[in-house]
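Colleague: Please show me the model, and then let us go through it together with questions and careful answers.

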Amino acid sequence: MQTAAVPELAHTHARPVHWLATAAAMAGVVALAGWLQPDAAKASQGAAGARAAAAPAPDAAAVSYPLQCGTVGTQVASHAEGDLDGDGSPETVAVVHCRAGSGTPPSGIYVLTRSAVKGAPPRLVATLADPGERLSVSNLAVREGAVTATLLGYSSPDVPRCCPDEERDAKWRWQGGKFVRSAQSQALGV
């Protein structure tokens, strides 16, 4: 075994007092770092950040729908909310028809988004089902960025408006800047 050319150094043999001094110094550095933390951020968010921050979905009752209802007006039969285009801001999908005392008036399915102008009513951005198709709508839902609904129709003009005899499921998804209706099964008798 070779002996060291220099005598052993005193600091190579740490005593408990050295470990205590090191621990106290580290605790002081951690405490000082916590005390010198910067204040919470106060910068305002940009337009994109503000839009993504929990803005409520558009109010379906605050829109004028493109229905010709005369003096009876329109009625929102149902609505669902969700982010359909992936921008972090929810849209509203509404099933709307003319108010009727009896029978089953045809319905339309409309997509609404918030207006870019503060205080302005929501904007109608798409019609998924036109009332001219003479359909009724049930089971409206927004799930995982898609709109689903059951469309109820009539096999002939002889079928009473109260009692649709055809049913089909429909699904729309935002793709390529527009709503695309997926392939659906053929109309089934009810």
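Modeller: We can begin with strand 3 (residues 107-113) and strand 4, which run antiparallel and are joined by five bridges. This is a predicted model, in which local features need pLDDT of at least 70 and side-chain atom pairs count only at pLDDT 80 or more, while totals for chains, interfaces and linings use all residues. Residues are numbered from 1 along each chain as its sequence is written, and side-chain values use heavy atoms, with hydrogens and water left out.

Colleague: Which residue in strand 4 is the bridge partner of Leu 112?

Modeller: Strands here are DSSP runs of E with at least two residues, and helices are runs of H or I with at least four, both numbered from the N terminus. Two strands pair if DSSP finds at least two bridges between them, and strand 3 and strand 4 are joined by five. Within strand 4, the bridge partner of Leu 112 is Leu 124.

Colleague: Which strands stand at the edges of the sheet?

Modeller: The open sheet has four strands in the order 1-2-3-4, with antiparallel pairing. Each edge strand has a single partner strand, so one side of it is left without a neighbour in the sheet, and this holds for strand 1 and strand 4 (123-129).

Colleague: Is Thr 92 buried or exposed?

Modeller: Thr 92 is found in strand 2, and a polar atom of its side chain lies 2.6 Å from the backbone oxygen of Pro 58. Thr 92 also touches, leaving aside residues up to four places away in sequence, several others, including Ala 57, His 79, Tyr 110 and Leu 112. Buried means under 20% relative accessible area, exposed over 50%, and partly exposed in between (1.4 Å probe, protein chains only). Because its relative accessibility is 0%, Thr 92 counts as buried.

Colleague: How many residues apart in sequence are the parts that the pair of Cys 69 and Cys 98 ties together?

Modeller: Cys 69 and Cys 98 form a disulfide (a pair of cysteine sulfur atoms within 2.5 Å), with their sulfur atoms 1.9 Å apart. Cys 69 lies in the loop between helix 2 (47-52) and strand 1 (74-82), whereas Cys 98 lies in strand 2 (residues 91-98), so the pair ties together parts whose separation in sequence is 29 residues.

Colleague: What is the relative accessibility of Cys 98?

Modeller: Its disulfide partner Cys 69 is buried, with a relative accessible area of 12%. Cys 98 counts as buried too, at a relative accessibility of 17%.

Technical notes:
A polar contact is a pair of N or O atoms within 3.5 Å; within protein, one must be able to donate a hydrogen and the other to accept it, and residues adjacent in sequence count only if both atoms are side-chain atoms. Contact means heavy atoms within 4.5 Å.
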